[in-house]
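Please open the structure in your viewer and keep the selection panel handy. We will walk through some rings, charges and backbone details together.

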Amino acid sequence: MTQTLEPETGTAPTEAAGPQERADRWFAAFERALVTRDIAAAAALFATTSYWRDLVAFSWNITTVENPEGVARLLESTLGQAAPSSFATSEPPTEGDGVVTAWFTFETAVGRGRGLLRLRADEDATDKAWTFLTTLYELKGHEEPLRDRRPAGAEHGANKERVTWLEKRQAEDAALGVTTQPFVLVIGGGQGGIALGARLRQLDVPALVIDRYARPGDQWRSRYKSLCLHDPVWYDHLPYLKFPENWPVFAPKDKVADWLESYTKVMEVPYWSSTTATSASYDEAAGEWTVEIERDGQPMTLKPKHVVLATGMSGKANVPVFPGQDVFRGEQHHSSQHPGPDAYAGKKCVVIGSNNSAFDICGALWEHGADVTMVQRSSTHIVKSDTLMDIGLGDLYSERALAAGMTTEKADLVFASLPYRIMHEFQIPLYEQMKERDKEFYDRMERAGFDLDWGDDGSGLFMKYLRRGSGYYIDVGAAELVADGEVKLAHGNVDHLTEKSVVLEDGTELEADLVVYATGYGSMNGWAADLISPEVADRIGKVWGLGSDTTKDPGPWEGEQRNMWKPTQVENLWFHGGNLHQSRHYSLYLALQLKARAVGIDTPVFDLAPVHHVK
């Protein structure tokens with residue numbers, strides 16, 4: 001039987017065709033529709049329920065469209081400018097559970113991209129795209145100096161005008177902010193700012209990263225002494241320079257800090273320590289920011305074109321206000337200011353909160369002989385670290401994943417290729433497995449009176465993180481102390497403090513020498529309010545969350561992380577951050593957007609997100 005290709009309805013019936021042939025036919029039909037500007041034919045290649053996630057390549061945005069109607073809308077807006085071509089598989093496609101998975105490359109008018117396609121046969125046995133990821137990884141003519149494009153470094157030959165590498169760096173440092181201005185000012189020098197600074201350096205974008213601490217990494221050094229990464233090493237690499245193969249799976253905070261400091265030096269990130277931004281304003285006519293800073297106590301003015309707030313999800317502390325805090329005779333502080341447990345042996349310590357920081361601090365205080373009570377105000381999702389590493393991350397970020405050919409870069413794209421709309425459907429069965437594996441542990445926690453949850457829809461930790469950035473604990477041992485009663489547990493909200501106690505709303509009185517407010521952090525939007533103005537912060541709207549209409553993530557559905565790594569409603573103002581994985585992965589797409597603007601590439605933004613919530 002002769003098979004025909006009909007782009008109006010999909011690709012040919014799939015009988016007897018292997019995954020390579022099926023993918024090749026789909027790409028041929030898709031590219032033909034794009035070249036002929038037949039948007040209806042291109043949209044018809046997508047399933048009735050389908051998702052196209054684009055990271056900058058077509059949209060100059062980070063956006064997801066749904067179903068053939070969304071595909072048509074995206075292409076109607078972007079096809080002429082993007083001029084995509086040269087779609088081709090980059091390795092043999094695979095097939096499983098009725099889905100063909102194909103890695104591919106492509107080009108646009110200004111750049112080169114990578115992507116991941118998942119095909120499924122419809123009711124007529126015709127292949128349609130179910131999920132489609134397109135990402136830009138480099139701009140033509142502005143490629144990073146990698147591999148065969150790497151710089152020579154040394155200048156061979158005789159030259160009386162020779163300028164050494166060190167002299168060039170010293171001259172650059174002396175001129176920055178004085179006779180030359182950064183095109184991009186990155187405010188915040190934690191892992192997010194450092195990763196973006198490294199990307200911009202490699203793309204030759206004049207940039208400056210500033211941070212209030214004295215040394216890169218001090219954001220980690222200054223936290224409580226037991227802090228460590230709860231994510232595994234394979235998930236946490238920085239761009240360009242991965243952790244060594246003998247790096248610990250869960251790095252202690254001071255080791256992370258030293259790595260960040262050395263990384264900043266090795267990657268030649270322009271970085272000013274002991275520098276605080278005090279105010280910022282934007283001149284729309286000039287297309288320029290005026291940012292007032294204090295560097296080593298001395299005032300300066302910077303005039304960047306773009307400002308990136310990389311101040312961190314865990315940067316702006318939520319410090320509650322309760323009656324009686326002014327009369328309490330003990331010590332009280334937010335978890336971000338907690339110095340560690342050493343001074344509290346034999347003391348009565350009350351920790352308000354029941355998420356990551358609360359558990360870490362309770363565990364360390366208990367180890368040093370303190371009498372510890374945790375106050376749980378709302379339910380918490382807990383997953384044991386070993387179980388999460390095996391079931392939740394093992395297929396993408398582990399030694400077994402590497403052995404199967406799953407590099408960190410591929411894993412990042414696999415994760416990015418799962419549309420947020422349906423990601424919870426993939427997560428729920430994983431967390432059901434975790435619940436069953438550790439059933440005895442969860443039973444003990446409930447018998448101890450701990451209020452557990454698995455997310456509003458049972459989808460667990462990752463969705464809680466993406467939706468609200470709070471409400472969970474990756475258990476590295478401290479939960480056992482609660483289960484065993486070694487750390488006491490109280491429930492409810494704080495009503496007031498007395499001279500020597502914390503009193504809950506139900507009248508429970510907890511004696512205290514120390515109160516730790518492990519009460520989390522506010523939206524990054526708050527940094528814009530403080531630095532620029534509340535009015536500008538309201539124009540930006542809420543930062544983080546998906547609009548899932550679950551707890552602390554109000555709708556409507558937005559489909560991407562609000563205002564992160566992409567254009568906002570305030571011109572030339574950007575937000576960057578998240579965990580180490582997100583800082584690594586999304587710094588590329590933010591850097592490419594900034595590079596395009598630096599060299600004058602036209603960047604029409606598709607679907608600039610509206611503002612639904614101001615905080």
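Buried here means under 20% relative accessible area, exposed means over 50%, and partly exposed is in between (1.4 Å probe, protein chains only). This is a predicted model, in which local features need pLDDT of at least 70 and side-chain atom pairs count only at pLDDT 80 or more, while totals for chains, interfaces and linings use all residues. Residues are numbered from 1 along each chain as its sequence is written, and side-chain values use heavy atoms, with hydrogens and water left out.

Start by selecting Trp26 and Phe27, both of which are buried. Rings of Phe, Tyr and Trp (its six-membered ring) pair if their centres lie within 6.5 Å; planes under 30 degrees apart are stacked, over 60 edge-to-face, and the rest tilted. By this rule there are 36 aromatic pairs. With centres 5.5 Å apart and planes at 85°, Trp26 and Phe27 are therefore edge-to-face. Next, pick Trp52 and Phe58, another edge-to-face pair, at 5.0 Å centre to centre and 80° between the planes; both are buried.

Now select Arg120: it lies over the face of Trp130, 3.9 Å from the ring centre. (A charge sits over a ring if NZ of Lys or CZ of Arg is within 6 Å of the ring centre and within 35 degrees of the ring normal.) Arg199 has its charged end over the ring of Tyr240, 5.4 Å from the centre.

Finally, look at the backbone. The peptide bond from Gly555 to Pro556 is cis, with omega near 10°. Val56, not a glycine, has a positive phi of about 80°, and Val56 is buried at 0% relative accessible area.
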